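This report walks through one protein model, taking up its ring contacts, its strands and its loops in turn. Please keep the sequence and the coordinates at hand while reading.

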Amino acid sequence: MRRARGGDGRGCSSMAASALGSSSGSPSPAVAELCQNTPETFLEASKLLLTYADNILRNPNDEKYRSIRIGNTAFSTRLLPVRGAVECLFEMGFEEGETHLIFPKKASVEQLQKIRDLIAIERSSRLDGSNKSHKVELSQQPAASTQLPTTQSPSPVGLTQHPGNGQGQPSTPPSAPTVTANSIILKMLLSNIQHVLVYENLALQEKALACIPVQELKRRSQEKLSRARKLDKGTIVNDEDFLLLELLHWFKEEFFHWVNNILCSKCGGQTRSRRDSLPPSDDDLKWGADRVEDHYCDACQFSNRFPRYNNPEKLLETRCGRCGEWANCFTLCCRALGFEARYVWDYTDHVWTEVYSPSQQRWLHCDACEDVCDKPLLYEVGWGKKISYVIAFSKDEVVDVTWRYSCKHEDVISRRTLVKEELLRETINGLNKQRQLSLSESRRKELLQRIIVELVEFISPKTPKPGELGGRVSGSVAWRVARGEMGLERKETVFIPSENEKISKQLHLCYNTVKDGYIRVSDNNQAISGWENGVWKMESIFRKVETDWNMIKSFAPIMIFLVSLKLFWKQN
């Protein structure tokens, strides 16, 4: 998930570009990003960034000034959560080590000084309270051409170095470092922890509530809860749990729809997605769509634009997309209804939601795309995904929840090679410490207690039964009923031959998968609705309708059932 760049960043960085003699807009995307923070946040972060840069310029041979421990309190609380701050360090030339950001000896001091001066110009202008650049804190350190010693040291794990000219300077000054998987994981953490705050916008929650048929969903949930309690009088599952299930179903079936290829806006025909993207418009960028897909119509040779919006407010209007848009908008809907919700990111290219159930005192997996709840092994067992990193984000915390979604922990550990575990742990701890500074002591204790409960869950690998597609086999009867894992009533279906069938000595039954019904051909074409009404016994089988893809799926990993299509017999 990428951050949407607004107009403020471009405006303030253009002043710095002008001061440095640039005629092509902002020479530093990272500084432009940094400028989009509030004035207080910018001033605090920029002061620390200048300190790091000036320490290197004043003491070029001192090793201690060329590394920043990621777990350091100042870094983790004043820079790590701030938009664009870490990116500024990358553009200066810092690289990611195992537990530190490192400014290597072969890095360009000219590039560091350039980014440092851009930040100083912006900081000076804001301190002066002017839109013009007045007295700039240009460093009194060695001139831009001064080099650090060119003795080469092994490159730490992290960002790939740009090719140099042998004199410690890059052949072409880079605007941003080359990203490795290590950077992707860390940048994802910074991006998503900021993004989830948009769900806390009260005006946006009201807008979402206006789209949700709250009273109807509550009516449905109360009906199902009442039926479930008759079967399981001691259940702890409450109306909120059932309301969540109704919200999931409504979102999938009535509100949002899946997009593979859009219809041509010119002729209404089918299109095909082309690999190259189209340039985003200003309006696209306003709503976080920095990528616009090109859906080409061969019939009329017209390129249709499909912006991948990243703003849930816009998604309430468009109501379409793929898993990213689904999870983004659904998480907002959950917060609008008062659920504690997390946005969950999976490195193997999927996203979904988790919702906390106070009655069950645990987090529930919710995938709006699939209309499934509390089936965390769906992806590994059902889809065959090779899980490695699964991270959950909420307004209060970031949690590595990978272990909830796997029953093959040793395999997962072998795949977690993209970032050092210590670095990932320290980064998450730093983000949580900053995010929870404003929370009450009681709230922090509550979050700690929940984490302890989660850790117990994580260290207990799950063992799904043969054929299980991720649904829980434990838990109350009411909860399993609510999620469609068992019928409210289960009876064996036995076909008793009618008089006509006895005379013809034939029982002929046909099942229509699309209409989900049987025709008893041998008995005056009698109609029988529902596949389960023609089944004798069954286990781990269900029918799923994909309304978005015009597809019917029948899942039957293990089944014991009898459906007679045509039966002949002899009478004694």
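## A buried tyrosine and its partner

In this predicted model, Tyr-379 has a relative accessible area of 0% and therefore counts as buried, the cut-off being under 20%. Trp-383, by contrast, is partly exposed, with a relative accessible area of 38%.

The ring centres of Tyr-379 and Trp-383 are 4.9 Å apart and their planes stand at 80°, so this pair is classed as edge-to-face.

## Other aromatic pairs and charges over rings

Over the whole structure, a search returns 18 aromatic pairs. Phe-251 and Phe-330 form an edge-to-face pair, with 5.3 Å from centre to centre and 75° between the planes. Because Phe-251 belongs to helix α10 (residues 239–255) and Phe-330 to helix α13, this pair ties together parts that lie 79 residues apart in sequence. Phe-251 is buried at a relative accessible area of 0%, and Phe-330 is likewise buried, with a relative accessible area of 0%. Both phenylalanines also belong to a cluster linked by ring pairs, whose other members are Trp-250, Phe-255, Phe-256, Trp-258 and Trp-326.

Rings are also approached by charged side chains. The charged end of Arg-126 sits over the ring of Phe-42, at 4.2 Å from the ring centre, while Arg-450 lies over the face of Tyr-356, where the distance to the ring centre is 3.7 Å.

## The six-stranded open sheet

In which order do the six strands of the open sheet follow one another? The order is β12-β11-β10-β9-β13-β14, and the pairing is antiparallel. Strands β12 (372–373) and β14 (398–400) stand at the edges with a single partner strand each, so one side of each has no neighbour in the sheet.

Strand β6 (residues 292–297) has six of its six residues buried, so the strand is largely enclosed by the rest of the structure. Which residues of β6 point one way and which the other? Val-292, Asp-294 and Tyr-296 point one way, whereas Glu-293, His-295 and Cys-297 point the other way, and all of them are buried.

Strand β5 (residues 272–278) runs antiparallel to β6 and is joined to it by four bridges, with Leu-278 having Val-292 of β6 as its bridge partner. Strand β7 (residues 302–307) also pairs with β6 in the antiparallel sense, over six bridges, and here Cys-297 stands opposite Phe-302 of β7.

## Two glutamines with positive phi

Most residues other than glycine have a negative phi. Against that background, Gln-301 takes a positive phi near 55° in the hairpin of β6 and β7, where four residues lie between the strands.

Gln-361 is placed in the loop between β10 and β11, and it is exposed, with a relative accessible area of 55%.

## The protein as a whole

The protein contains 19 helices and 20 strands, and buried residues make up 47% of its 572 residues. Among contacts with a sequence separation of 6 or more, 64% are between residues 24 or more positions apart. The accessible surface comes to about 28,100 Å², and 51% of this area belongs to carbon and sulfur atoms.

How values were computed
Residues are numbered from 1 along each chain as its sequence is written. This is a predicted model: local features need pLDDT of at least 70, side-chain atom pairs count only at pLDDT 80 or more; totals for chains, interfaces and linings use all residues. Side-chain values use heavy atoms; hydrogens and water are left out. Two strands pair if DSSP finds at least two bridges between them. Rings of Phe, Tyr and Trp (its six-membered ring) pair if their centres lie within 6.5 Å; planes under 30 degrees apart count as stacked, over 60 as edge-to-face and the rest as tilted. Buried means under 20% relative accessible area, exposed over 50%, partly exposed in between (1.4 Å probe, protein chains only). A charge sits over a ring if NZ of Lys or CZ of Arg is within 6 Å of the ring centre and within 35 degrees of the ring normal. Contact means heavy atoms within 4.5 Å. Accessible areas come from the Shrake-Rupley method with a 1.4 Å probe; for residues, only the protein chains shown count as cover.
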